[in-house]
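Here is a short report for a reader new to this structure. Look over the sequence and the model first, then read on.

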Amino acid sequence: MKILVVNNMAPFVWGGAEELAVHLRKNLIEAGHESEILRIPFQWEPALRIPSQMMMVRAFELSNADRVIALKFPAYLIRHPHKTFWLLHQFRQAYDLHDAGQSNLPEGCEGDELRTLIRNADNESFGEAKKIFCNSAVTKARLRKYNGFDANVLLPPINDPELFPGGETGDYIFAGGRVNGMKRQHLLIEAMQYADKSVKLVIAGPPDEPADAARLVALVEKLGMDDRVQLDLCFLPRETYARYVNGAAAVAYLPFDEDSLGYVAMEAATAGKALISTTDSGGVLGLVRDNETGLVAAPEALSLAQAMTAISQNRRRATDYGAAARELWLDLGISWPATIEALLR
Amino acid sequence: MLEAEGHQVERVYLPQVDHPDLLFQQMAAYRWVDLSAADRVICFRPPAHFISHPHKILWFIHHIRVFYDLWDSEYRGFPDDHTHQGMRDALVAADTVALGEAKRVFANSKVVAARLKRYNGVDSEVLYPPVFAPERFHCRQFNDEIVYVCRMEHHKRQHLLIQAMCHTKTPVRLRLSGKCGGKPYAQELRTLIKQGGLGKRVILEDRWISENEKIDRLADCLAAAYLPLDEDSYGYPSVEASHAGKPILTTTDSGGVLELVQDGINGLVVEPNPVALGAALDALYRDKAKASAMGGAARERLSALNISWSHVLQRLLA
């Protein structure tokens with residue numbers, strides 16, 4: 001079949017959704033299909049230009065595609081007789097972020113009309129779908145709550161599982177992935193002052209802003225932790241990142257209320273590493289089960305310090321948690337071939 | 001190429017379906033594209049020129065031709081009635097406005113530049129599109145073969161060359177390389193070869209030709225043929241042949257190709273009939289020294305016309 005993957009394009013910005021689209025296309029081709037990615041430009045500021053861009057998407061004509069797999073608003077408004085949604089997220093400023101007071105839409109009646117417009121267009125578009133999949137239970141619940149549509153959860157697989165065969169249970173706790181306030185790497189550094197002196201911590205990944213990196217560097221210095229905390233705050237080649245994961249005693253990942261399992265946790269589980277997370281980390285807890293695949297602490301330094309100490313002092317325990325994490329991950333059966341099959345079923 | 005110059009570049013590639021009834025809706029869609037995140041946009045094919053941007057540069061490669069120069073042709077495909085005349089007038093008016101918004105308008109050939117002037121009253125600068133990585137092309141020898149590396153389509157007129165082979169008096173050979181657009185034309189070509197008893201002297205390669213194969217064919221051949229019917233631009237096959245230092249055989253009605261090829265200097269320009277083409281094939285075979293000299297002149301012609309990426313970048317970013 002000829003399958004068009006339809007995604008948004010924010011010119012000069014490349015992120016997780018773009019990577020997902022690339023790997024979706026790659027795996028569609030591996031499954032014997034023809035596939036292309038259509039990236040439709042979308043600029044959400046100023047908000048008053050959103051409606052014309054919705055019209056734009058609606059007015060495009062597609063030809064020569066048997067199926068469309070659409071990922072994001074407003075690209076998913078595109079007309080096609082066989083459209084499957086793999087919804088990464090809606091325009092959250094018109095939904096949950098509005099309710100949370102974090103919307104870029106104007107206040108008052110102008111904003112109300114915009115939100116109504118977006119909701120109506122979404123509803124019409126979801127109604128046209130052959131099938132709707134969501135990338136997480138959170139996205140699914142939002143769709144149900146705000147638009148009244150049911151969906152199946154189809155978690156995005158990891159893209160390069162072969163890089164995460166695991167390895168010796170090492171002597172450090174690894175925290176990888178993007179570095180920012182929401183991912184709370186600073187909590188781990190703060191925890192180090194209460195943890196046993198044998199605990200070592202490695203934080204590696206790209207900071208969202210230079211200030212995110214500066215904050216961690218300053219904290220390590222203030223606490224005098226530079227002999228036990230290693231910072232590698234930059235974009236890492238995948239191989240370097242994988243080496244950190246494969247050699248760790250455990251992987252710590254404690255984002256605030258994440259939508260999904262999170263690539264960091266999925267990759268750690270693939271490598272058979274014990275996981276450390278916090279009670280408010282949302283979707284991540286789908287993989288981190290307390291005292292089974294790792295330890296779930298309260299989101300505060302003291303509680304985290306206990307978890308980090310427990311895992312560092314007992315390698316056997318860390319290894320057992322890691323094996324259980326890998327087993328749980330494999331039981332979920334999340335792989336690209338299975339994902340492609342579900343999307344095309 | 002822009003990236004090599006240190007710029008950040010994104011390619012925006014949007015869908016478009018040719019149908020008069022869908023024309024204005026799609027024009028509106030392109031008008032609503034918001035690329036304000038970019039410092040500059042460079043637009044090629046219509047309706048991309050409708051994109052609104054404060055620093056829009058057009059490298060115009062053709063109009064929606066059925067409403068322009070192909071109106072009075074078999075290609076129009078819809079009636080010459082009030083509805084479609086109205087569409088045409090509205091399209092021309094909208095095109096003229098969109099062209100007027102651009103900081104600069106470049107055309108890919110003199111033919112297109114003349115149309116922009118005639119139909120829209122817009123002046124443009126001719127900026128010839130170079131081929132990708134031209135340094136890959138080179139000359140190894142001058143064998144006995146005329147090659148035509150191009151998609152096989154009726155309007156590319158591979159059939160004329162086969163017919164011309166029936167009129168040759170020398171052992172010159174012909175190689176047609178490229179994927180055939182349709183089965184009937186492939187069949188027609190095969191029948192012509194059979195009827196002419198040319199099985200030994202004409203090679204028909206009806207398949208996708210890799211870049212390396214193309215480079216090899218051009219490196220070894222005696223000359224390259226390119227004789228489309230009234231094409232807008234000079235066509236990549238003739239530029240690739242020039243980079244390989246090979247003369248180009250073309251015809252008096254090939255349109256934009258004649259902007260590049262000068263008869264007797266960097267190739268041969270003959271009447272589009274089998275007899276004249278046959279004589280040209282023989283002439284190339286008989287005088288290889290001349291063919292080689294014309295091949296050298298073909299390379300020089302590229303510099304004379306400024307067909308290079310450095311020139312393109314300099315003009316697009318001026």
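## The model and its two chains

This is a predicted model. Chain A and chain B touch each other. On the chain B side, 18 residues are in contact with 17 residues of chain A. The chain B side of this contact has 12 nonpolar residues, 4 polar residues and 2 charged residues.

## Domains of chain A

Chain A has a domain 1, covering 2-154, and a domain 2, covering 161-332. Their centres, taken over C-alpha atoms, are 32 Å apart. The two domains of chain A meet through 5 residues of domain 1 and 4 residues of domain 2. On the domain 1 side, 2 of the touching residues are nonpolar and 3 are polar, with no charged residues.

## Domains of chain B

Chain A has an open sheet of 6 strands. Their order is β2-β1-β3-β4-β5-β6, and the pairing is parallel. Why is one side of β2 and of β6 in chain A left without a neighbour in the sheet? Strands β2 (34-41) and β6 (152-153) of chain A stand at the edges, and each has a single partner strand, so one side stays without a neighbour.

Further in, β4 (residues 83-89) of chain A pairs with β5 (residues 131-134) of chain A. This pair is parallel and runs over 4 bridges. One bridge to look for links T84(A) with K131(A) in β5(A).

## The sheet in chain B

Chain B has an open sheet of 4 strands, also with parallel pairing. The order here is β1-β2-β3-β4 (chain B). At the edges are β1 (41-43) and β4 (125-126) of chain B, which pair on one side only.

Strand β3 (residues 104-107) of chain B pairs with β4(B) in the parallel sense, over 2 bridges. F106(B) has E125(B) in β4(B) as its bridge partner. Helix α3 (residues 110-120) of chain B lies across β2 (56-60), β3 and β4 of chain B. The helix runs at about 130 degrees to β3(B).

## A helix pair in chain B

Two packed helices are described by the angle between their axes and the distance between the axes. Helix α7 (residues 236-243) of chain B packs against helix α10 (residues 288-304) of chain B at an angle of about 115 degrees. The axes of these two helices are 7 Å apart. The crossing of α7(B) and α10(B) is left-handed.

Which residues meet here in α7(B) and α10(B)? From α7(B) come V239(B), A241(B), S242(B) and H243(B). From α10(B) come A298(B), R299(B), R301(B) and L302(B). By class, this contact of α7(B) with α10(B) has 4 nonpolar, 2 polar and 2 charged residues.

## A loop residue in chain A

P165(A) sits in the loop between β6 and β7 (172-176) of chain A. Is P165(A) buried or exposed? P165(A) counts as exposed because it has 11 C-beta neighbours inside 10 Å, and the cut-off for exposed is 12 or fewer.

Leaving aside neighbours within four places in sequence, P165(A) is in contact with N246(A) and A271(A). G282(A) is 117 residues away from P165(A) in sequence. In space, the two are 26 Å apart, C-alpha to C-alpha.

Note on methods: Residues are numbered from 1 along each chain as its sequence is written. Chains are lettered from A and ligands numbered from 1 in the order in which they are written. This is a predicted model: local features need pLDDT of at least 70, side-chain atom pairs count only at pLDDT 80 or more; totals for chains, interfaces and linings use all residues. Two residues are in contact if their C-beta atoms, placed from the backbone, lie within 7 Å. Ala, Val, Leu, Ile, Met, Phe, Trp, Tyr, Cys and Pro count as nonpolar, Asp, Glu, Lys and Arg as charged, and the others, Gly among them, as polar. Domain bounds come from an automatic or database domain assignment. Two strands pair if DSSP finds at least two bridges between them. Axes are lines fitted to C-alpha atoms, for helices over the stretch in contact, and angles run from 0 to 180 degrees between N-to-C directions. A crossing is left-handed if the near helix is turned anticlockwise from the far one by less than a right angle, and right-handed if clockwise. A residue is buried if 20 or more other C-beta atoms lie within 10 Å of its own, exposed if 12 or fewer, and partly exposed in between; C-beta atoms are placed from the backbone.
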